[in-house]
Amino acid sequence: MIVIKLGGDAVATPEHIAAAARRIARERATREVVVVVSARRGVTDQLLALVAAVGRHAAGSGTLSTAGADRAVASGEIVAASLVALALEHLGLTAKALDAREAGLEGDGRSGGSRITRIRTGRLRALLRRGIIPVVAGFQTHRNGELALLGRGGSDVTAVAIAAALGAEECVLLKRAGLRDADPVRHPHARHIGVAGFDLLEGLLEGGCRVLAVDAARLARRYRVPLTFVPFPEPGPSSRIVPEPIAGTASRRA
């Protein structure tokens, strides 16, 4: 079983969503798949701006509900997950879009900076047993039924956390660019990285590379979740980040 994470570019257009669904279907032919989805590119910023504008222009003495604001912004991922589930159904697969509460993603409830405190995997495992692909809205947790947003890059954190909780063999991240030894936006001739460890990945992220949220990389390292970066929608070589061997466990080969 693997977790596939779709970034904002992978769901930016109907064509991209259809192509991502076909990619998921190919994986599903040989193993179980859980999908985690970001909002479509630019949607989160639009929703944040809209929430702020409502707060500025609404008349009255009341204060803006942080739970209401988080629910409004979280709708970006919920819509994207629903569209991906629909695309999978058009391919003859059975899929179920889930928000954080439905997927069992519990958090501490802090608005805009929630932290995943527990994942109740029963619903996800039940869907998998029935042959249904769970499509989870990233970037959110729930507490007492109320949604709360993770920090920026939260959908990456969602994907890695679910992979760790389910014991997935890897977390596959469909991103606009694969992993290179420098930020390709600022360094067009940056070299592709094939296989590396988490030391290199975290160094790149701390140096400004934006291919993954730093918190997601640290979580993957802590729970030893292999990561595979796949360029999408444009094809290209993938990159794999593997946990470093634990001292004393490496096997000898003749």
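## Cysteines, pockets and a buried helix face

Cys171 counts as buried because its relative accessibility is 0%. In this predicted model, the cysteine sulfur closest to that of Cys171 belongs to Cys209 and lies 16 Å away, which is too far for a bond. A disulfide requires the two sulfur atoms to be within 2.5 Å, and the count of disulfides by this rule is 0. Cys209 is accordingly in no disulfide, its nearest cysteine sulfur being that of Cys171. With a relative accessibility of 9%, Cys209 also counts as buried, the cut-off being under 20%.

| Pocket | Volume | Lining | Nearest the centre |
|---|---|---|---|
| Largest pocket | About 1000 Å³ | 35 residues | Gly8, Asp9, Arg41, Lys175 and Arg210 |
| Second largest pocket | About 480 Å³ | 22 residues | Arg115, Ile116, Val157, Asp215 and Leu219 |

The lining of the largest pocket draws at least two residues from each of helix 2 (43-57), helix 6 and strand 9 (170-175). Its composition by class is 13 nonpolar, 9 polar and 13 charged residues. For the second largest pocket, strand 5 (116-119), helix 6 and helix 8 (214-223) each provide at least two lining residues. Here the division is 10 nonpolar, 6 polar and 6 charged residues.

Helix 5 comprises residues 122-129, and Leu124, Leu127 and Leu128 are buried within it. Viewed down the axis of helix 5, the buried residues fall within an arc of 100°, so they line one face of the helix. An α-helix has 3.6 residues a turn, so residues three or four places apart point the same way. After helix 5 comes Gly131, which has a positive phi, near 80°.

Elsewhere in the chain, Pro243 is found in the segment that follows strand 12 (239-241). When neighbours within four places in sequence are left aside, the contacts of Pro243 are with Phe198, Arg224, Val225 and Pro226. Between the C-alpha atoms of Pro243 and Gly109 there is a separation of 31 Å, the two residues being 134 residues apart along the chain.

Definitions and conventions
Residues numbered from 1 in each chain as written. Predicted model: local features only at pLDDT ≥ 70, side-chain atom pairs only at ≥ 80, totals over all residues. Heavy atoms only, no water. Buried < 20%, exposed > 50% of the residue type's maximum accessible area, 1.4 Å probe, protein only. Helix = DSSP H or I, 4+ residues; strand = E, 2+ residues; numbered from the N terminus. Arc of directions from axis to C-beta. Contact = heavy atoms within 4.5 Å. 1 Å grid on protein atoms, 1.4 Å probe; cavity = no way out; pocket = protein on both sides within 12 Å on 5 of 7 lines; lining within 4 Å. Points joined across faces, edges and corners; volume = space filled by probe spheres on them. Nonpolar A, V, L, I, M, F, W, Y, C, P; charged D, E, K, R; others polar.
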